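Student: I have a model to go through with you. Can we take it question by question?

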Amino acid sequence: MSKNMKRSFKEKLALRNHLVKEALSEFLGTFILVALGCGAVAQSVLSRGELGGAPMISLGFAMAVTIAIYIAGGVSGGHINPAVTFAMCLSGKIRWIKFPVYVIAQFLGAFVGAAAVYWINYDLLMFYTGGKLTVTGVNKTAHIFATYPEEYLSVANGFSDQVMSTAILLLGIFAVFDPCNLPVPKGLEPIAIGLVIILLTSSMARNSGCAMNPARDLSPRLFTYFAGWGPEVFTAGHHFWWVPIVGPMVGAAIGTAIYMLFIELHHAPREPPQRSTEHEKYTLTNMEEEKSLHTSI
């Protein structure tokens, strides 16, 4: 009787709509990305480098991406990035109808993730700033949540930075999940993506932080606007705020086109796998994952 009751309770809670399941997955994955990734930045900044620095931030964000993909990948593909979802739609790996649902979930997850970073570090943040939340200056803290350009960086150079870094990110993602390229052992794909993040943040983060993710940047920026940093979060760096939004989307399109034209279109036709009951069961269970390409950030 108790087992039947438990089964009935679980069935009542279980969602039937696949798109809603995927949206919840993207929300949670992006929340994890921002909460842990920006959390690594917060620990480094608020300790004045004693508990971190550039290498720790790079590693922290990479591991945040990795665990986020492990959490969300089996349901939605673990995109956790509108630029990645855009690339998957452009390449025909997921349907365009999913694009707005995924993106809304990603932006909401990133906003809640930023709120979590603020809440967890609130006392330390007030101690560090003396209660004055600033975008620039010696005790600036807005860059914990969103990316800002260095003083020398022009908007055009910053835009090129975001386009190129995101294009390379997508090249890496397509390669990792391409069954006709050098295969990554099943289950280790998120780790491979994490290594790509370490590479990019180690080589292209100096100019403006290597956002490569509109949700990871805009939603935390919006949070800081409402949480006390004010309108300067949008005017700083010659109104730089739009660059980490538009740049990654352009970069995603370029990265997709390059991989398709240089690599994927030239693969030899694959032989159909041997069909069996177990294989069919596995394929049907994971159909949405295969369409989504299990991609990340």
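Student: Is Ile 80 buried or exposed, and what is its relative accessible area?

Tutor: This is a predicted model, in which local features need pLDDT of at least 70, side-chain atom pairs count only at pLDDT 80 or more, and totals for chains, interfaces and linings use all residues. Residues are numbered from 1 along each chain as its sequence is written, and side-chain values use heavy atoms, with hydrogens and water left out. Buried means under 20% relative accessible area, exposed over 50%, and partly exposed in between, with a 1.4 Å probe and protein chains only. Ile 80 is therefore buried, its relative accessible area being 0%.

Student: Where is Ile 80 placed, and what is its phi?

Tutor: Helices (H or I, at least four residues) and strands (E, at least two) are DSSP runs, numbered from the N terminus. Ile 80 sits in the loop between helix 3 and helix 4 (82-90). Most residues other than glycine have a negative phi. Ile 80 has a positive one, near 45 degrees.

Student: How many helices and strands does the protein have?

Tutor: Read along the sequence, the pattern is α-α-α-α-α-α-α-α-α-α-α-α-α. The count is 13 helices and 0 strands.

Student: Which residues have the most contacts inside the largest nonpolar core?

Tutor: A nonpolar core is a set of buried Ala, Val, Leu, Ile, Met, Phe, Trp, Tyr and Cys residues joined through side-chain atoms within 4.5 Å. The largest one has 63 residues, and helix 2 gives the most to this core, with 8 residues. Those with the most contacts inside the core are Ile 144, Leu 169, Leu 170 and Trp 229.

Student: Which residues does Val 34 touch beyond four places away in sequence?

Tutor: Val 34 is found in helix 2 and is buried, with a relative accessible area of 0%. Its C-alpha is 8.5 Å from that of Val 112, 78 residues away in sequence. With contact meaning heavy atoms within 4.5 Å, Val 34 touches Gly 39, Ala 110, Gly 113, Ala 114, Val 117, Arg 216 and Pro 220.

Student: What is the C-alpha separation of Phe 177 and Ile 193?

Tutor: Phe 177 is in the loop between helix 7 (155-176) and helix 8. Phe 177 counts as buried because its relative accessibility is 13%. Phe 177 and Ile 193 are 16 residues apart along the chain, and their C-alpha atoms are separated by 9.8 Å.

Student: Which helix gives the most to the lining of the largest pocket?

Tutor: On a 1 Å grid over the protein atoms alone, a pocket is an open set of points where a 1.4 Å probe fits, with protein on both sides within 12 Å along at least five of seven lines; lining residues have an atom within 4 Å of a point. The largest pocket is lined by 39 residues, and His 143, Glu 150, Ala 205, Ser 208 and Gly 209 lie nearest its centre. Helix 2 (18-46), helix 3 (54-76), helix 8 (189-203) and helix 10 (232-239) each supply at least two residues of this lining. The most, 6 residues, comes from helix 3.
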